[in-house]
Amino acid sequence: MKLDEFINGSLLGDASVSVYKGKYFTFKIAGRDSKFLEWNAKFLNIYGINCWISKSNPNLFSLGLYVNSCPYKDLINLRNKWYKKKNGKTIKHVPRNMLLTPISLLFWYLGDGSLIRRKNDKNRVPFIVLATNCFSKEDINFLIQKLKELKLSFYPVKYKSGFTGKESGYCLYSNTQD
């Protein structure tokens with residue numbers, strides 16, 4: 001597995017890259033499974049990226065990766081690659097040169113995917129759901145095309161926040177016949 005596959009998949013999910021004072025970069029993966037986060041930390045340490053697990057919320061573990069000098073030269077460029085300014089706000093977007101591989105898809109699913117079973121029909125094939133609610137409609141269409149290149153068929157569905165109950169972008173549902 002390559003580091004860029006891991007990073008791309010993680011950033012398609014809930015991972016983020018932030019910058020402090022224009023020079024201190026942070027890569028953070030949030031999750032509830034401490035064993036999975038420990039695996040992430042060990043994997044990143046193989047590449048010389050020092051990281052540790054910190055508890056930022058009593059109900060949520062988060063893997064914090066704080067890089068003051070960059071042992072992996074492309075880490076600094078991730079912020080510019082994955083984020084852009086729009087109406088004075090910095091938003092995450094999908095780089096058009098990103099390769100979606102089975103490994104990056106796995107980490108997208110592990111970071112921000114789910115399996116939805118129908119309550120009234122447990123015998124039917126469940127839907128795979130990939131969260132995309134922070135991405136623009138153009139990004140979502142791009143991701144649907146990338147999934148098609150992997151012979152997978154997904155379609156966008158309006159997403160309602162589990163916290164507020166308000167519509168919050170879209171998520172991608174798999175076609176169950178695939």
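This is a predicted model: local features need pLDDT of at least 70, side-chain atom pairs count only at pLDDT 80 or more; totals for chains, interfaces and linings use all residues.

Colleague: How many helices and strands?

Modeller: The protein has 5 helices and 10 strands. Helices (H or I, at least four residues) and strands (E, at least two) are DSSP runs, numbered from the N terminus.

Colleague: What share of the residues is buried?

Modeller: Of the 178 residues, 37% count as buried. Buried means under 20% relative accessible area, exposed over 50%, partly exposed in between (1.4 Å probe, protein chains only).

Colleague: On to α4. Which of its residues are buried?

Modeller: S104, L105, F107 and W108, in a helix spanning residues 102-112. Seen down the axis, these buried residues fall within an arc of 165°, so they line one face of α4. The arc is taken from the directions from the helix axis to the C-beta atoms.

Colleague: What do they pack against?

Modeller: The buried residues of α4 pack against several elements, including α1 (3-12), α2 (34-46) and β10 (167-174). Contact means heavy atoms within 4.5 Å.

Colleague: How do α1 and α4 cross?

Modeller: Their axes come within 7 Å and cross at roughly 35°. Axes are lines fitted to C-alpha atoms, for helices over the stretch in contact, and angles run from 0 to 180 degrees between N-to-C directions.

Colleague: Which residues meet there?

Modeller: From α1, E5, F6, N8, G9, S10 and L12; from α4, I103, S104, F107 and W108.

Colleague: New topic. How many residues are in the largest nonpolar core?

Modeller: That core has 34 residues, and F6, L11, L12, F27, W108 and L172 have the most contacts inside it. A nonpolar core is a set of buried Ala, Val, Leu, Ile, Met, Phe, Trp, Tyr and Cys residues joined through side-chain atoms within 4.5 Å.

Colleague: Where is F27?

Modeller: F27 sits in strand β2. Its relative accessible area is 2%, so F27 is buried.

Colleague: Which loop holds N87?

Modeller: The loop between β5 (83-86) and β6 (89-92). N87 is not a glycine, yet has a positive phi of about 55°. N87 is exposed, at 76% relative accessible area.

Colleague: And what is the phi of K151?

Modeller: Near 65°, a positive value in a residue other than glycine. K151 is in the loop between α5 and β9 (154-160). K151 is exposed, at 71% relative accessible area.

Definitions and conventions:
Residues are numbered from 1 along each chain as its sequence is written. Side-chain values use heavy atoms; hydrogens and water are left out.
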